[in-house]
Amino acid sequence: MQLDRAVEAYLRHVSIERGLSEHTVAAYRRDLGGYRAWLDEHRVTDTDAVTVELVEAFSAERASAEPPPAATSLARLQSSVRGLHRFLAREGVVADDATRRLRPPKTPRRLPKALTTDQVEALLDAAGPAPGDAVEAAPAALRDRALLELLYATGARISEIVQLDVDDLDHGDVLRVRGKGAKERIVPVGSYARAAVDAYLARVRPDLATRGRATPRLFLGVRGAPLSRQSAWLVIGAAAERAGLTAHVSPHTLRHSFATHLLQGGADVRVVQELLGHSSVATTQIYTHVTVDALREVYVTSHPRAR
């Protein structure tokens, strides 16, 4: 099979059958575009002509590039190439997986950056007034407060939040979230977030909805179209700047803070895994580092020979 056809078949597979997000599929497309270009330079245009040695040469050349690529970038590139060749072997397009000897680079174990509870409060207040505050606020501020409250209350990814429909909230105090691979999960919504969303639904969304085409999306932009991921990023960045938070604050920062604060409060790691939508508890366990201070405090106050 021609390589360009093979790549398109694989991208359709991860998009339709595996249900990966547009953002993830676009990253795969970029990585495999670079891989195809490299193979073209070596006059390889057919899947049958790709050998283990060629794949290893490609990986080695990318790893030794100047400036050196980040280990995470190289790992993602290799993952894209491995996924393609494993798919081709599984579908019977090729007889063997040309990436079988490829070993991913070791990536540094980065600890998630979380905000303190005081910093979260400051960020939320900077986004907009709370529903009970006797303060006149612009409609966008009420929407932004609801957006950030929901992100922190549920630990959902920004891509999951902007894809929410109004009906996803029609379950009392829980939210239906569609995660990676089109998997659904149910996440509780606290009273603060629910009040902020209810205020937005009652006072802001009806007007925004009249400005664009009818859409079931929960969060709308000023022209009535569904709020984009990029616009949500800008909302959070602006609130962080107003709150005086000098550290980089992203939607994932609120997700990390959600997990960190739950574990600090005594939540079981497997419960947090379920709430975050992680397929493996190993992914969630990276957050357990945040409990070290709490463990030390309990040890010092409880053990008879700790002091």
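**Close-up views of a predicted model**

View 1. Have a look at the buried residues of α1, among them Leu3, Val7, Tyr10, Leu11 and Val14. The buried residues of this helix pack against α2 (22-41) and α4 (71-90).

**View 2. The largest nonpolar core.** This core holds 48 residues, and Leu123, Leu147, Leu148, Leu150 and Phe219 have the most contacts inside it. At least two residues come from each of several elements, including α5, α7 (158-162), β1 (174-178) and α10 (229-242). Helix α6 gives the largest share, 6 residues. Beyond its neighbours within four places in sequence, Leu150 is in contact with residues including Ile161, Leu175, Val197 and Phe219. A separate core of 28 residues includes Val7, Tyr35, Leu39 and Leu77.

**View 3. The second largest pocket.** Here we visit a pocket with about 420 Å³ of space. Its lining is made of 19 residues, and Glu149, Tyr152, Ala153, Gly190 and Tyr192 lie nearest the centre. Elements that each supply at least two lining residues include α6 (139-154), β2 (184-188) and α8 (191-203). By type, the lining residues are 12 nonpolar, 4 polar and 3 charged.

Note on methods. Residues are numbered from 1 along each chain as its sequence is written. This is a predicted model: local features need pLDDT of at least 70, side-chain atom pairs count only at pLDDT 80 or more; totals for chains, interfaces and linings use all residues. Side-chain values use heavy atoms; hydrogens and water are left out. On a 1 Å grid over the protein atoms alone, a cavity is a set of points where a 1.4 Å probe fits but cannot get out, and a pocket is an open set with protein on both sides within 12 Å along at least five of seven lines; lining residues have an atom within 4 Å of a point. Grid points are joined across faces, edges and corners, and a volume is the space filled by probe spheres set on the points. Helices (H or I, at least four residues) and strands (E, at least two) are DSSP runs, numbered from the N terminus. Ala, Val, Leu, Ile, Met, Phe, Trp, Tyr, Cys and Pro count as nonpolar, Asp, Glu, Lys and Arg as charged, and the others, Gly among them, as polar. A nonpolar core is a set of buried Ala, Val, Leu, Ile, Met, Phe, Trp, Tyr and Cys residues joined through side-chain atoms within 4.5 Å. Buried means under 20% relative accessible area, exposed over 50%, partly exposed in between (1.4 Å probe, protein chains only). Contact means heavy atoms within 4.5 Å.
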